[in-house]
Every structure is written in C-alpha cells, then in structure tokens.
Amino acid sequence: WSSSACCALQHLCMPRGKRHGIHWQWLRAQVVRGGPAFAVSLNISGIEPTLRNAAELGAWQVISPQEVVGVVEYVDGLHDVQEKTYEKPTVLVAGQVSGEEEIPEGVVAVLTPDAPDVLSHVSVRARNMRVLFATCHDHEPLDQIKAAAGTSLHFTTTASGAVNWTEAQASEFEAASDAKAAEKPSAGLKISIPKWPGKWVVGMDEYKDGVVGAKSKNIAGLRGKMPDWISLPASVTLPFGSYEQALEAKENADIKAQIESRVARINARQLNGNNNGAPAGEQQEQGSDEASTLLAECRELAMQVHVPPEVEQQLTEAMTTAGIPLPDSEERWAKAMGAIKGVWASKYNDRAYISLRKIGVSFDDVRMAVLVQRVVPAHYAFVIHTRNPSNNDPNEIFCELVRGLGE
C-alpha cells in the first residue's frame with residue numbers, strides 16, 4: 001500500500017516541495033506516514049516481538065545468512081546511503097529499510113529493526129551479493145552493535161537463526177578487505193541494445209531473445225510441458241524498443257526533448273561527478289538528490305507520452321487471437337494504456353539507475369517490454385521457490401501465500 005501511495009503522490013509532492021524548499025521525497029514520506037495504514041503498521045510492529053517470544057522464534061530473522069567481518073556504522077535509513085561507496089568492508093545498522101533499496105558498494109552486512117519481505121528486492125540483492133542481511137526484533141542486540149560503531153566486528157549466523165558477533169582480529173579485517181576488493185564489480189560492461197522489431201505487439205510464437213524479456217520467454221517455454229490440471233496463462237507482449245519508438249511520434253517531440261535533456265544532465269553528472277569543492281560525502285549526497293529528482297521528472301514525463309493508436313489496434317487483434325478478454329470500455333482502455341506507460345516509465349527507476357551505474361552501463365540503454373495477461377480474481381496469490389532463498393537449501397521449498405491478489 002505504501003509503495004502505491006508513494007507513486008500516486010509523486011506528481012503532487014514534486015511541485016509543492018520545490019515551492020516550499022522541501023525535498024519532495026521527504027514530503028511524500030510524511031504524507032504517507034500521516035495516514036491510518038502507517039499507524040496500523042506501527043501497532044503490528046509493536047506486538048511482533050511479543051508474538052515471536054511466544055512462538056520461541058528468537059530476536060533475529062536472518063534473511064541472508066553469511067559470515068562477514070566489517071566496521072560498524074549506523075545510518076538512519078538504507079535509502080540515504082544506497083549510492084555511497086564504502087572503501088572498507090562495512091556493517092550497516094540501518095534504522096529504516098523499505099525493501100526497495102540497493103545495497104551500497106563495500107557493505108558486507110545490513111542489520112535493521114525493520115522487517116522487509118524475504119523476497120523483496122533488497123533481500124534478493126543481499127543473497128546474490130553474499131551480504132549478511134538480518135532483522136532484529138529486539139532493540140537491545142542492535143543497541144549493542146550500534147554502540148560498537150567504528151569497531152571491526154566478526155559476524156556469524158547459527159542454524160537456529162541467531163546472529164552472533166565478536167570483535168574481529170586485525171588479520172581477519174585485512175583478509176575481509178582483500179576479499180571485498182577482489183569482488184568489486186567491473187566497470188565498462190557492454191550490453192547489446194535490443195532494436196524495435198517493427199511491430200507493437202507480439203504473440204507467444206515470437207517470444208525470442210532481443211524481442212521480449214525473460215518472464216515472457218519462460219512462459220512460452222512452458223508450453224507443452226505442464227500437466228493438464230495446470231493452466232498456462234495466455235499472453236501477448238509489447239516488445240523491447242516500443243517506448244523509444246513511441247517517443248519518435250510527432251505528438252511526443254516536446255516530451256522526448258525534455259526527457260533527453262534530463263537524461264543528458266544525469267549522464268553528465270555520472271561521468272564528471274561534482275566539482276563544486278564540497279567534501280566527497282556531500283558531493284555524493286547532492287548528486288544522489290539531483291539524480292533522483294531528474295529521474296522522477298523523467299517518469300512523470302513518460303506517463304504523458306501519447307501512445308500511437310496502432311498499439312490499441314494491434315493489442316486488440318493479438319489479445320483476441322490469444323483468447324485474452326479485451327477492456328470493455330474507453331475508460332478501461334485508458335487504464336490499460338496508463339499501465340503500459342507505467343512500465344515504460346519504470347525505465348527511470350532510481351534502483352535500476354544505481355545498479356547500472358555501478359557496472360558502468362547507462363540506464364538510458366535499458367529497454368522495457370510489457371507483458372500483457374488477464375488479471376485473475378484469485379482467492380490466493382503465492383510465490384513458490386524450489387530452493388529456500390533464506391538458507392539456499394535445495395531440499396527445502398519456500399512458499400509465500402497471501403489472500404487476494406497479493407501485489
């Protein structure tokens with residue numbers, strides 16, 4: 001709910017923040033926190049330690065178990081430092097973690113009182129980057145770790161799901177520093193930019209590399225491999241390059257120019273950095289704020305793009321052929337076009353920008369495909385992993401189940 005509310009408030013908070021000299025993201029967060037859902041969330045968080053004690057679950061929930069050595073540092077929120085580069089292996093105690101952040105380069109552990117989903121973006125990134133990531137539902141252990149700020153600690157996890165730590169020896173910290181330096185991502189990675197295939201919509205028979213994304217290809221690859229009692233959802237896809245092709249329309253000339261101007265400013269900042277004489281930390285923070293604002297403006301502009309009428313025409317034909325129900329009114333078609341533009345606009349996502357910048361790839365080289373499927377009025381929504389993501393055990397299946405449509 002918070003994520004959808006933040007998206008809805010973006011276009012309202014940006015002009016008001018500028019008018020009153022307030023960062024629009026801070027203003028947006030305060031508006032969300034003033035709602036009833038935030039109060040309910042706080043109450044639930046307050047009773048969670050009691051429930052965990054009653055269930056004998058302990059204080060810790062380990063999302064990504066790793067053995068690490070690093071210098072302890074406290075930050076108010078992981079979002080505040082996600083673009084920062086730490087020169088030494090660092091253990092972050094973060095007061096707030098939403099689940100949507102990137103893990104900063106050089107960080108070996110993130111410990112927080114927040115409880116992001118074990119399948120959230122930051123949780124997946126922690127496991128892929130072999131970063132210790134754990135939630136602590138008791139303030140005392142976290143306070144002890146925070147009190148050791150500036151000290152190098154050695155962290156381990158137990159089979160029962162606890163986190164233990166001791167002061168690290170100098171030799172341990174040196175070894176950890178050398179290992180982290182060897183893992184630094186290589187810059188200058190070259191990627192192949194997909195070209196628009198010349199049509200706005202493709203069916204399953206045309207799901208190929210360079211045309212659609214992995215999710216579309218995986219769905220098509222399941223055809224003929226599923227038992228009769230499992231239905232494979234029908235789908236069509238707007239291929240890679242459709243957004244860039246739409247920008248070439250005469251009606252979008254002004255929007256294209258405005259987006260290109262902002263992209264150029266972001267890329268120039270990424271290439272040249274800040275040369276304003278400010279300390280390195282302040283430069284990084286200023287650059288992060290400006291890039292975030294420019295990316296938000298790009299998303300807002302992308303939502304104003306005129307979608308060529310051929311898109312609706314080809315969608316109608318392809319969806320009818322695939323057996324997907326069509327929007328039954330002009331209002332629903334308008335919502336469908338808005339959803340498509342929402343996917344296109346996610347090209348300018350802060351998280352994607354930060355991830356790509358780390359490996360020296362321009363975020364503007366990203367191409368978005370849009371998978372179109374029928375929304376099923378499900379009683380339950382679920383995600384099943386055939387390997388437990390929390391402990392990487394291939395003999396354990398991890399299933400997350402919620403009532404309704406989930407996300």
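1. Leu401 is exposed, with a relative accessible area of 53%; here exposed means over 50% relative accessible area, buried under 20%, and partly exposed in between, with a 1.4 Å probe and protein chains only. The residue belongs to strand E11 (residues 398-403), where strands (E, at least two residues) and helices (H or I, at least four) are DSSP runs numbered from the N terminus. Leaving aside residues up to four places away in sequence, Leu401 touches Tyr380, Ala381 and Phe382, a contact being heavy atoms within 4.5 Å. The C-alpha atoms of Leu401 and Ala381 are separated by 5.9 Å, although the two are 20 residues apart along the chain.

2. On the basis of the values: the model is predicted, so local features need pLDDT of at least 70 and side-chain atom pairs count only at pLDDT 80 or more, while totals for chains, interfaces and linings use all residues. Residues are numbered from 1 along each chain as its sequence is written, and side-chain values use heavy atoms, with hydrogens and water left out.

3. The chain as a whole contains 13 helices and 11 strands. Of its 407 residues, 38% are buried. Among contacts with a separation of 6 or more, 60% come from residues 24 or more positions apart. The accessible surface of the chain is about 22700 Å², and carbon and sulfur atoms hold 53% of that area; these areas come from the Shrake-Rupley method with a 1.4 Å probe, and for residues only the protein chains shown count as cover.

4. Side chains of opposite charge can pair when their charged atoms come close. The structure has 17 salt bridges, each defined as a side-chain nitrogen of Lys or Arg within 4 Å of a carboxyl oxygen of Asp or Glu. One of them joins Glu83 to Arg357, with the closest N and O atoms 2.8 Å apart. Glu83 sits in the loop between strand E2 (68-77) and strand E3 (85-96) and Arg357 in helix H13 (residues 350-358), so this pair ties together parts that are 274 residues apart in sequence. Glu83 is buried at 9% relative accessibility, whereas Arg357 is partly exposed at 27%.

5. A further salt bridge connects Glu297 and Arg262, again with 2.8 Å between the closest N and O atoms. Because Glu297 lies in helix H10 (residues 280-302) and Arg262 in helix H9 (residues 253-272), the pair ties together parts that are 35 residues apart in sequence. Both Glu297 and Arg262 are buried.

6. Six aromatic pairs are present; rings of Phe, Tyr and Trp (its six-membered ring) pair if their centres lie within 6.5 Å, and planes under 30 degrees apart count as stacked, over 60 as edge-to-face and the rest as tilted. Phe155 and Trp165 form a tilted pair, 6.3 Å centre to centre with 35° between the planes. This pair links strand E6 (residues 152-157), which holds Phe155, with strand E7 (residues 163-167), which holds Trp165. Phe155 is buried at 0% relative accessible area, while Trp165 is partly exposed at 25%. Trp196 and Trp200 are also tilted, at 4.9 Å centre to centre and 50° between the planes; Trp196 is partly exposed at 26% and Trp200 is buried at 8%.

7. Ring pairs also link Tyr243, Trp344, Tyr348, Tyr353 and Phe363 into a cluster.
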